[in-house]
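Could you take a look at this one with me?

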Amino acid sequence: MRDVAIVAFAQSAHRRRTDELSEVDLLMPVLHEVLGATNLKANEIGFTCSGSADYLAGRAFSFTMALDGVGAHPPISESHVEMDGAWALYEAWVKIMTGEADTALVYAYGKSSPGQVRDVLTRQLDPYYVAPLWPDSVALAALQAQALIDAGATDEPALAEVAARNRFAAADNPYAQLTGDVPAGGHLVRPLRTGDCPPIGDGAAAVILAAGDTARALCERPAWIRGIDHRIEAHGLGVRDLTDSPSTRLAAQHAGAFERPVDTAELHAPFTSQEVVLRGVLGLGDDVAVNPSGGALAANPIMAAGLIRLGEAAARIHRGQSDRALAHATSGPCLQQNLVAVLEGESAHA
Amino acid sequence: MPKEPVAVVGIGQTKHVAARHDVSIAGLVREAAVRALEDAGLTWSDIDAVVIGKAPDFFEGVMMPELYLADALGAVGKPMLRVHTAGSVGGSTALVAAGLIAARVHRTVLTLAFEKQSESNAMWGLSLPVPFQQPLLAGAGGFFAPHVRAYMRRTGAPDTVGSLVAYKDRRNALKNPYAHIHDHDITLEKVQSSPMLWDPVRYSETCPSSDGACAMILTDREGAARSPHPPAWVHGGAMRSEPTLFAGKDFVSPQAGKDCAADVYRQAGIADPRREIDAVEMYVPFSWYEPMWLENLGFADEGEGWKLTEAGVTEIDGDLPVNPSGGVLSTNPIGASGMIRFAEAALQVRGAAGDHQVDGAARALGHAYGGGAQFFSMWLVGAEPPAG
């Protein structure tokens, strides 16, 4: 097994609207920042992979223009997942594991502001039986929240506490969109209140991966990927236990998350109730710093929010604030698909 | 530690047609996957991960359809990755799947690509105007026709070459039971008298819109040893990308295509592709791209590609058969078209291509491209395992 690490991370300031910016405009500063942190140029990177979704841009092949922002000439070795950038990072990690590349640039972006994101996400659902009914993303999350309440796993005040704690943590995060004392608000879809739901926003993020000594040369304290895995569940909500997340548990097992305790966890839980599910499945105690960035409740640029969890966890290790961190990303309604990575600083490995 | 060798042990396709009204998207992909599993002599439980690709989600109106397709593809409880690199996606998807095995992350992977174009309108899907961005208003044909014209002007190719390619590919398609267009009355005159769509591209020199799926089972050395049929071995694979538009971009022969081919040949130890490669499955959505890509891929010198086509070199019984399956010109479920090229190359070296088998094909190239001729993916497969 090659040792691969996240050596640099950059993100945009996430905002409700960025009408004045194209996707490339949104992405360029982030790409420059992450490359600048390592002094690498685009054509020195071994492999590039991105994550985004055409449906946010409202047009086919939207990522082809984003590539212009990379400065991809001379031609680069490059790929794209129509998923959250966390899965682009996974593809890039595999590429480095084959030995075909020593470094990788991973980026992701999403502009939710041009459309109605709750409506847009309904298009992810079974196109014949479910999507025509337009059940939106908040309504589906509310089903999951109600299932948790019915099972006695949480209640509305506890959910409000999750929201408050995340947004309080986000006060220290200059990139976050929603921070501090955010009111719980009225019910959006029972039992979820506006405060239980993520902000809608635009944003971008990028990381650089490197192997072995290259990583050590590029970063003082690389965040080594000790394990990374992702799993998917059935699509139909009727065949899933929404109070559980077996795919997260399986991914965590395969990533080695349960072998030793972690000190930090960055969870991609856009809804407060989803943090309850993930904490339980991952067995995170009160001694673990969960979402010190504020998580997706503070900023949820769709398709980048998962990659940001990996970046935030890595940045904690870079800064010496964490020795062993768990990062999680999700995709699909009600935590259908989940990715877990375990990151460690050098000292924790020795 | 060197990479794990990757073998193709199962291939499945659907019969490609204009509209599969009898199946859902899930039914369509499952049909191809089941055929690939049967070919490999494996069951769903043998599969460690699924890598799925297709072209834009707007073509079926489903955002990130892998979520909905997880059940149909036996992916529940497994890793599932969704690749999207425009028209090259079928090839890229196979390469991402191969990477999982080469890196020893997984041992046996199902990879699949599909398009069910009948559920939408590809022309519309490619023509949505967006602020800030260059609109692609006339679908793919309108974008590529000027580049074909540039090729003709640059090389002095006679305007008959395009119809020769179409005539050849449509005849080859008659030998391929899975091909979409089976025109039993095809003649060269018929191609030449078909309506002009985007000058110089005629109706019969244009790919159809197809519903279809293609699946492959990729596995490691141990998995290949258990395979009931001869595997195809991956000797080289690469992707290259360049921006859509930039000063100095050569749309006739993009640098990314040249670099991608050169990387694949280097990996496979090929010095003279024209002599050392026995069959080519090339992404030719408009007939003129055959001579163009012959040059771009190093099979002919610059300006000489059309001469190979004109001399019959690329015929199925020629010296360098191109698209013995009938190619994209006869079958185009867009997101699957690249994977079909990769799979057809593998069928050739497995000796399993049936009536469109090229005699003694031991090494074959699968090629795909996409976007504004900016994304390239290719692999070279052989009948023998790679050295080392």
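This is a predicted model: local features need pLDDT of at least 70, side-chain atom pairs count only at pLDDT 80 or more; totals for chains, interfaces and linings use all residues.

1. Residues are numbered from 1 along each chain as its sequence is written, chains are lettered from A and ligands numbered from 1 in the order written, and side-chain values use heavy atoms, leaving out hydrogens and water.

2. The chains: chain A puts 59 residues and chain B 55 residues into their contact (heavy atoms within 4.5 Å). Together they bury about 5,000 Å², with 66% of that on carbon and sulfur atoms (accessible area lost on being put together, 1.4 Å probe, summed over both). A:Y55, A:F61 and A:I232 supply 14% of chain A's share, more than any other three residues.

3. Charges: the rule finds one salt bridge across this interface (a side-chain nitrogen of Lys or Arg within 4 Å of a carboxyl oxygen of Asp or Glu). A:E100 also forms a salt bridge with B:K3, with the closest N and O atoms 2.9 Å apart.

4. Buried or exposed: which is B:T309? B:T309 is buried, at 6% relative accessible area (buried is under 20%, exposed over 50%, partly exposed in between; 1.4 Å probe, protein chains only). B:T309 touches residues including B:V161, B:L164 and B:P291, not counting those up to four places away in sequence.

Notes. Buried area is the accessible area (1.4 Å probe) that two parts lose on being put together, summed over both.
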